[in-house]
Structure formats: C-alpha cells, structure tokens
Amino acid sequence: MTAIVATVAYLGLEARTVEVQVQLIAGLPAFNVVGLADKAVGESRERVRGAIAAMGLALPPKRIVVNMSPADLPKEGAHFDLPIALGLLAAMGVVDAEALSEYVIVGELGLDARIAPSPGVLLAALHAAGLGKGLICPAAQGPEAAWASGVEVLAAPDLLSLLNHLKGQQLLRAPEPGDVEEGGHGPDLRQVRGQEVAKRALEIAAAGGHNLLMCGPPGSGKSLMASCLPGILPPLDATEALEVSMVQSVAGTLAGGRLTRVRPFRSPHHSASMAALTGGGLKVKPGEVSMAHLGVLFLDELPEFGRTVLDSLRQPLETGTVSVARANAHVTFPARVKPVRHVN
Ligand SMILES: Nc1ncnc2c1ncn2[C@@H]1O[C@H](COP(=O)(O)OP(=O)(O)O)[C@@H](O)[C@H]1O
Ligand SMILES: [Mg+2]
C-alpha cells in the first residue's frame, strides 16, 4: 500500500509542496529514503524508527520505500521527519491516510517520539492557507503558525498525542497567535549629549530611509548613535511585520511565535564572511543583509570588512533582494535595508 502526505521544502522565502510517498513492499526488511534528500533527511530514518519504537510499535518486516516528490527539488532540513513518520504509520494502517491528506505536515522527531521545533513553520502555515489545507506542526511553534489566518493548526507535543487527536480520542487545543512586541529596549537618542548635527542627520536618515556614513575620531559616539537608530525608526506595519517574521522563521530565530513591530537592527562583526552577510553556506540560510530586511544593517568599523564581503553587498543594496546560487539550488531572499556604515 502507498500512503501519501504533503509537506514543504523551503527555497528562500518560498515554500514548495513536497509529496512524501511511503510504500511497503514485500522483500527483505529495509528502510530507504529517495528523492534528492540531504544528510539531515537521510538521517531521519533513524529518528522515525526510534520514534515509532518509542510508541511501542514495530516496523513491518517489509521493504519500506520513502519517495519525496518532486524528485529533482533539493530537500534540506529535519522537518521531514514528521511527514515521513505519519506517512509510514498511514501505510501501516495505524492512522487514517484520508485524514492526513487534509494537512501539510512539518516537524522534527526525537527518538522518544517528541515533536521538536524546526525553522520555517510560518511559511509552511501560509503555504497551507494557500492550498486550503490545515497544518500539523510542533507544539512549540503553534503560536507562530497561528499567525496565518484561516488555517486549522494542529500543534502536537508528541507523536502519541497527535495520533490520539487524529483518532478523535483526546483532542488538541487550537493554538493562539503569539504576542506582538511593540517597543524596543535599545539605547535612547536622549542619552547622546551634544552632537546636534549628527543627531539631526540620524533623524533625517530614519525618516527618509536613507543610507548613512559616519566618520569621526574614536570615542565620539558613532557606535552609540547608530545603536539608537532602531528607537527612532517608525514601527513596522502589519504586512511588514509578517515579512520580517518570515525571514526570522526561516532562520529559526522566531522564539515563541512572537511577532515584533520593531525594525530589525543587525550589526555583524567585521570578520563576517561573505556567506554570513549575504546568506548561503552549506544550508541556504538568510544572511545578515536579509535578517536586516526592512530595518538597519550596521557595519561598524567599515574599513575592516573584507573587500569581497563589501562588494557582495552591492547587488542586495541596489535590487533589495539577494540571490544565492548553489550547485543544486538558486534561492532569493529579500534584503531591503538601510545600511549605516561607520568609519573612523
Ligand atoms: N555625545 C555623547 N553622549 C553620550 N555618550 C557618549 C557621547 N559620545 C561618546 N559617548 C560614550 O563614549 C563611549 C564611546 O563611544 P562610541 O560610540 O563607542 O564611539 P565611536 O564608535 O565613535 O568610537 C561610549 O560608551 C559612549 O556612550
Ligand atoms: Mg565605534
């Protein structure tokens, strides 16, 4: 029997539907995952095996084949554990495959069948909303997923409580959207003494969304004034807050599903690499310039940054997006920032 469940793969700020197909075939017992899966997905076999064993169930003595379709789309991350496990349980006849077809499923599994948070749940929820489906996600990320309106969110702490809910025995409570953080805690521009011209320039830059280059002797308060900038920037509106949260969700830094109205302020150290600044690396993650989307990117001690690193910021500053090309993926992140540079 073949069971099919839906999940997503993240490409920048885009979630693409991925179908997890699980088939049990007669033959020597084996558990194979195919479909351009990265190492974390390959390892999910062991976590799924462990989680199912922790529930007191034995895997069927058959050849288990998991195919992730479309097969040419690279799949990264540990959030495929839960869809694989549920697909397998559906193929075993433990859960109703029909009930699962109503959901997009994301989540990482522990060996004890706990469902652990995984980055990008907000994107998966918005994607599910577009498909008219519900979302099954980790309990810790229920408040984050609940921000996508019109989606039925099942946020389960572990596999057993999820199965109980699907069987209608012990229903899970629908999560509430997380809080909205209004004010910043950064330094106040009031504590800067004198420097009237610099303060005025800071206000104009904040109001008009201009770039700012600060030059001056050490100790004249450049770093201090730059760190006051988030406090005088206008708050994010609702759409902007969601956009910023989507970047944070993909980066896995959206703690407790708390959305913030405060504009991001990122100040990477001058030893930062190009990948750290523009995004990418082994796993395609948003870089500092994308984390600062709709906010401020502060490059303290500008001349200390590597030349190639600074050059790599040209494209994002001009286009407002950053495209990261990898051997097997081409990913675009948003990066509309207001850079503040600081030279001595
Ligand atoms: N105009 C000012 N008002 C209040 N504190 C100041 C002022 N200028 C400098 N400082 C203080 O001096 C210290 C050094 O300032 P900093 O911003 O690091 O200087 P810079 O980055 O220009 O080298 C900080 O602790 C800062 O609080
Ligand atoms: Mg300084």
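Reader: What should I know about the model and the numbering first?
Author: It's a predicted model, where local features need pLDDT of at least 70 and side-chain atom pairs count only at pLDDT 80 or more, while totals for chains, interfaces and linings use all residues. Residues are numbered from 1 along each chain as its sequence is written, chains are lettered from A and ligands numbered from 1 in the order written, and side-chain values use heavy atoms, with hydrogens and water left out.

Reader: How many salt bridges does a search of the whole structure find?
Author: Ten, counting a side-chain nitrogen of Lys or Arg within 4 Å of a carboxyl oxygen of Asp or Glu.

Reader: Which side chain does Arg114 meet in a salt bridge?
Author: Asp112, at 2.9 Å from N to O. Arg114 is exposed at 52% relative accessible area, and Asp112 is partly exposed at 43%. Buried means under 20%, exposed over 50% and partly exposed in between (1.4 Å probe, protein chains only).

Reader: And what does Arg190 pair with in a salt bridge?
Author: Asp188, with the closest N and O atoms 3.0 Å apart. Arg190 is exposed at 72%, whereas Asp188 is partly exposed at 35%.

Reader: Which residues are linked in a network of salt bridges?
Author: Arg307, Asp311 and Arg314. Arg314 is exposed at 53%, and Asp311 is partly exposed at 30%.
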